[in-house]
Every structure is written in structure tokens, then in C-alpha cells.
Amino acid sequence: MSLKKLLKPFKLISIAHKSGVVTVLYPYQKPLITTEFRGKISIDATKCMGCGACVNACPPNALTLSRRDDTIVLNYFIGRCIFCGRCAEVCPVGAITVTHEFELASASTRDLNESLVHRVEKCSGCGGGLGATSRMLQYVILRSPASENYVHLCPNCRKKKLIQSLAMKMGARTEDYEG
Ligand code: SF4
Ligand code: SF4
């Protein structure tokens, strides 16, 4: 064995000696939490619009979106979360914050689930489900004010309204479309 290889352990001991003790006696001592540390996420119920962008970006499917009757439910299962922060990066309205919370152990999986329930809007034409929440509609109108006349309608009613307005422009009478 070469002298260099023989001396390697002593070199490592000297480096470790210079650094001192870095291991803390957790939980008796507090670990170092840096500003970049990523713990569990927090979803702001006053901002979330139920769009599902975070669900599509979540690698381990810790976030899921389910549609039940007239509601959209966003569920966060902490047990699957890998604390990558992708969801916070993609949320269009900044509803997700990565917190420094990391002590998440629990005896019950119920404690590891958080849900947000959104009500689905109804079509102003036929009353059918629109598949979108009122915050989603507001978001679309804010970015495209011209959509205000159509955004509250389902695809079928939107098509009817478009045909009607085209026909009116071509000289059809309003009565033809009433009743
Ligand atoms: S991306 Fe943001 S707004 Fe959309 S469902 Fe997720 S938390 Fe809510
Ligand atoms: S932090 Fe990562 S793993 Fe956890 S919910 Fe967000 S995207 Fe999913």
C-alpha cells in the first residue's frame, strides 16, 4: 500500500477535528433550520382556486384533485410528500407556501391528510355543471376581459350564443331565438 493511502485516514481525522462536532442531540437540541429548508406545504384557502396545476406538478401524487357532484376537492397527503416545493413554484396564484414544519409523525393517517373543498359553478344558460370554480372564472376574466360574456356558459350554451350572435349580425330576429 502506498504511503499516500496509508496517511488518508489521518487526513480525514484532521479535517473532522477542525470542523468540530456538527451532530446535534435531536430532539434534546434544536437542529439547524436554514431559510432554504423545505418542510410541509401550506395551502391558503383564501387564494386557492382548485385549478389542479399543483396536482399535475407533484411527482409522488401527494396532491390529488377529485370531483364529486358539485364540488372539487384538493387533497394533500403529507405521508407521500417529498418536500420538493414544485407545487409552490407552479401555483398561478401563489396559494402554496413551503413551511419549515418537519415534525410530522402521527399515529393516524387522518392527521396526514388536509383537504380543501371548492364549489363548482353552474352554467348561467342551462344550469348544468361548469366544471370550474368561481375563482377560476375570475382568474380567466382578469387575464382576458373579453371572455366575461362567455366564461359563465358551458361549451354547449357558448356555441348556441355564438351561433345566435352571428345569425343576428346576418339579420335574424331576436324572437327566432326566444322561448
Ligand atoms: S395550483 Fe394553486 S390554485 Fe391551483 S389547485 Fe393548486 S393550490 Fe390551488
Ligand atoms: S412539496 Fe413536492 S411532493 Fe410535496 S406536495 Fe408539493 S409537489 Fe408534491
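A residue is termed buried when its relative accessible area is under 20%, exposed when over 50% and partly exposed in between, as computed with a 1.4 Å probe on protein chains only. The structure is a predicted model, in which local features need pLDDT of at least 70 and side-chain atom pairs count only at pLDDT 80 or more, whereas totals for chains, interfaces and linings use all residues. Residues are numbered from 1 along each chain as its sequence is written, chains are lettered from A and ligands numbered from 1 in the order in which they are written, and side-chain values use heavy atoms, with hydrogens and water left out.

Helices (DSSP runs of H or I, at least four residues) and strands (runs of E, at least two) are numbered from the N terminus. Of the 17 residues of α1, the number buried is zero, so this helix lies largely in the open. Helix α1 spans residues 3-19 and reaches 25 Å from its first C-alpha to its last, close to the 24 Å expected, the expected span being 1.5 Å times one less than the number of residues. A kink of about 30° is centred on P9, the bend at a residue being the angle between axes fitted to the seven residues ending there and the seven starting there. After α1 comes G20, which has a positive phi, near 80°.

A nonpolar core is defined as a set of buried Ala, Val, Leu, Ile, Met, Phe, Trp, Tyr and Cys residues joined through side-chain atoms within 4.5 Å. The largest such core has 19 residues, of which I41, I43, C54, L63, L74, Y76 and I96 touch the most other members; β1, α2 and β3 (71-77) are the elements that give two or more residues to it. A second, separate core of 13 residues includes M49, I72, M136 and L153. With contact taken as heavy atoms within 4.5 Å, and neighbours within four places in sequence left aside, L63 is in contact with I41, I43, C54, V55, C58, L74, N75, Y76 and C87.

Around ligand 1 there are 13 residues, the closest being C48, C51, G52, C54 and C91, where a residue is near a molecule if one of its heavy atoms lies within 4 Å of it. C51 lies in the loop between β1 (41-43) and α2 (53-57), and at 37% relative accessibility it counts as partly exposed. The C-alpha atoms of C51 and P92 are 9.0 Å apart, although these residues are 41 apart in sequence. Ligand 2 is surrounded by 14 residues, the closest being C58, C81, C84, G85 and C87.
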